[in-house]
Number of protein chains: 2
Amino acid sequence: MQTIKVAIAGFGSVGRATANLLLSRRGRYSQVYGADVRLVAVCGSRSGLRDENGLEADRLDNLEDALTGPDFIAASGADILIEAGPSDFRTGGPGLAYISSSLSTGRDTIVISKGALVHSGRQLRELARLSGAMLKLSGAAAAALPTIDLVHHSLKGCEVLEVEGILNATTNYLLDAMTTRGIGFDVALREAQQGGFAEADPRNDTEGWDTACKLLILANFGLGANLTMDDLNVQGIQSVTTELIEAWRREGHVPKLVGSLTHLNDTFRAEVGIRTYPLSDPFANIRGKDKAIRITTDAMGETIAIGAGKEPLATAAAALKDLEHILTARASSPLAE
Amino acid sequence: MQTIKVAIAGFGSVGRATANLLLSRRGRYSQVYGADVRLVAVCGSRSGLRDENGLEADRLDNLEDALTGPDFIAASGADILIEAGPSDFRTGGPGLAYISSSLSTGRDTIVISKGALVHSGRQLRELARLSGAMLKLSGAAAAALPTIDLVHHSLKGCEVLEVEGILNATTNYLLDAMTTRGIGFDVALREAQQGGFAEADPRNDTEGWDTACKLLILANFGLGANLTMDDLNVQGIQSVTTELIEAWRREGHVPKLVGSLTHLNDTFRAEVGIRTYPLSDPFANIRGKDKAIRITTDAMGETIAIGAGKEPLATAAAALKDLEHILTARASSPLAE
């Protein structure tokens with residue numbers, strides 16, 4: 001049986017959920033792929049743990065100081081890196097160094113955080129191409145909601161003409177609460193912060209940047225566009241008032257924060273902002289923390305996907321879907337390292 | 001450049017749409033896969049045409065008598081068969097002989113008609129396994145709506161707990177017309193028949209058999225079940241009255257003909273019948289000839305897909321998605337023949 005060594009960089013709630021889900025699926029990996037999948041290293045920003053024989057779940061609460069960084073991961077001998085660190089699209093975040101190091105040495109890399117992909121997507125793709133490493137990013141492109149999957153697999157052969165997506169759970173929760181319960185933005189936000197699904201500084205979500213990141217990743221990695229954040233007009237939901245919501249409600253319309261993309265004559269236009277939908281549109285009924293995408297193609301018309309997984313498990317499952325796609329692909333062509 | 005020869009058996013509206021779409025995409029196949037994809041044979045039940053240098057669109061209206069049958073296809077030297085004949089799940093239909101012959105000689109086979117897959121699915125899988133041929137069937141499993149795709153690709157690694165699907169366009173059109181316009185079953189049916197999207201004998205749709213076929217294909221080929229039609233309780237929409245519709249309407253519920261599947265402890269239970277949904281459920285808003293599926297998994301929660309492609313183009317595009325998946329797979333491992 002082939003041994004596949006996996007490392008996880010970034011060990012917050014998503015990294016931990018990914019580790020635990022991976023460990024719980026070892027029987028499946030052995031049975032379906034004939035692979036002994038071992039978790040050989042994990043690390044957060046300040047501490048980590050490494051064991052080439054594989055870490056078990058009970059050791060993951062006792063990380064050791066200073067065991068962290070791209071060199072620590074490289075020394076673990078991992079075949080595959082899962083990057084789950086904090087996202088920062090303005091700098092690439094801590095993920096950028098991990099992902100660059102991993103791809104440049106031919107290590108297949110599964111990216112969950114969006115920052116590096118938005119900041120340096122083109123360079124990372126080039127690193128992967130040069131080394132032959134696979135770069136997978138379902139976890140960064142709306143996680144359990146299939147997005148790039150749909151384009152690359154389910155709609156293969158079709159030309160994508162238009163995309164619109166409700167891609168950010170926090171803003172959908174806020175708008176949904178404001179619309180269905182008539183509460184104001186500030187009240188809804190405090191509620192979401194207390195529930196733990198809005199950040200103390202919520203602007204990355206509420207000003208539309210998280211939606212913009214996912215849209216940009218979908219455009220560049222899914223559709224072959226070459227957009228940067230400067231190409232996008234990004235509007236958030238922070239100025240949506242109860243009066244506006246009430247006016248829309250009277251017209252039978254439901255507001256959503258939508259990332260949209262049009263593709264015409266090899267030109268992509270992308271933007272983020274409020275759109276309103278009549279109640280008969282599936283988008284009007286995307287509730288709470290659910291997400292959705294509508295992809296219009298030349299030959300298959302409209303395809304809509306709606307995802308309603310619970311976090312952080314759903315994102316972990318998206319990353320481990322990427323892992324299985326790598327195991328499948330590598331079964332016919334061996335690992336680069 | 002590698003030459004890939006394709007034959008199409010079954011040359012009604014779907015077969016023709018598939019031929020024309022394939023011919024229009026030759027530039028793409030050459031550019032993306034380095035493949036010179038040629039349509040080397042087509043045949044209906046009584047006539048056909050063959051040319052190993054490839055048929056062009058303008059010749060497809062002049063088929064010659066008696067050029068038909070599995071031997072005719074075999075003699076064309078096709079690498080890949082697309083089967084698009086009429087569907088009959090009680091006998092396997094004419095497709096069964098084409099598909100069996102094709103798979104047993106190692107020819108990759110794309111199936112659009114459901115009959116043979118329902119009637120002899122296990123035997124066909126076994127033929128494919130023995131010869132190493134690929135058997136693809138997106139066109140038979142609700143066509144442009146991703147179903148097996150979702151399970152095998154987008155939800156990979158997750159355990160499917162439950163499936164429910166609005167899988168038949170004709171019955172959804174009829175129920176939608178009855179619900180939104182208050183007309184009776186007979187009036188709605190005549191309208192659909194005049195519009196050309198209900199058969200003169202509509203029972204295969206209205207009594208739930210088409211939904212049952214798609215559900216069974218999804219269960220057996222998508223989830224590894226081993227169900228036969230005898231295992232399913234199948235109810236149709238033929239006895240839905242305007243009084244029933246009105247009673248549901250008063251409760252704010254919308255009726256849909258749904259194929260459903262539960263998966264517990266390696267046991268699958270499947271049935272077809274009416275379910276009703278509140279207006280806030282995306283299933284309540286699947287309109288006209290659209291289709292939808294909801295798949296519940298352990299790690300990703302609920303994933304819904306909605307498809308709204310126009311026929312026969314959308315089914316043709318589903319079959320040619322399968323073709324591209326074969327081209328991708330065969331790029332790393334050569335054609336069996």
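The legends below describe close-up views of a predicted model. Local features need pLDDT of at least 70, side-chain atom pairs count only at pLDDT 80 or more, and totals for chains, interfaces and linings use all residues. Residues are numbered from 1 along each chain as its sequence is written, and chains are lettered from A and ligands numbered from 1 in the order in which they are written.

**View 1. The two domains of chain A.** Domain 1 of chain A covers 2–144 + 313–332, and domain 2 covers 148–307 (bounds from an automatic or database domain assignment). Their contact takes 12 residues from domain 1 of chain A and 15 residues from domain 2 of chain A (contact: C-beta atoms, placed from the backbone, within 7 Å). On the domain 1 side of chain A, eight nonpolar, two polar and two charged residues touch domain 2 of chain A. Here Ala, Val, Leu, Ile, Met, Phe, Trp, Tyr, Cys and Pro count as nonpolar, Asp, Glu, Lys and Arg as charged, and the others, Gly among them, as polar. The centres of the two domains of chain A, taken over C-alpha atoms, are 27 Å apart.

**View 2. The contact between chain B and chain A.** Each chain is represented in the contact, with 35 residues from chain B and 35 residues from chain A. In chain B, α6 (148–154), β13 (301–307) and α12 (313–332) each supply at least two residues to the side that touches chain A. Helices (H or I, at least four residues) and strands (E, at least two) are DSSP runs, numbered from the N terminus. The most comes from α12(B), with eight residues. By class, this side of chain B has 16 nonpolar, 12 polar and seven charged residues.

View 3. Strand β13 (residues 301–307) of chain A and β13(B) run antiparallel and are joined by five bridges (strands pair if DSSP finds at least two bridges between them). Ala305(A) stands opposite Ala305(B).

**View 4. Helices α4 and α5 of chain B.** The axes of α4 (residues 95–104) and α5 (residues 115–131) of chain B come within 9 Å and cross at roughly 10°. Axes are lines fitted to C-alpha atoms, for helices over the stretch in contact, and angles run from 0 to 180 degrees between N-to-C directions. The contact of α4(B) with α5(B) has seven nonpolar, seven polar and no charged residues.

Definitions and conventions: Two residues are in contact if their C-beta atoms, placed from the backbone, lie within 7 Å.
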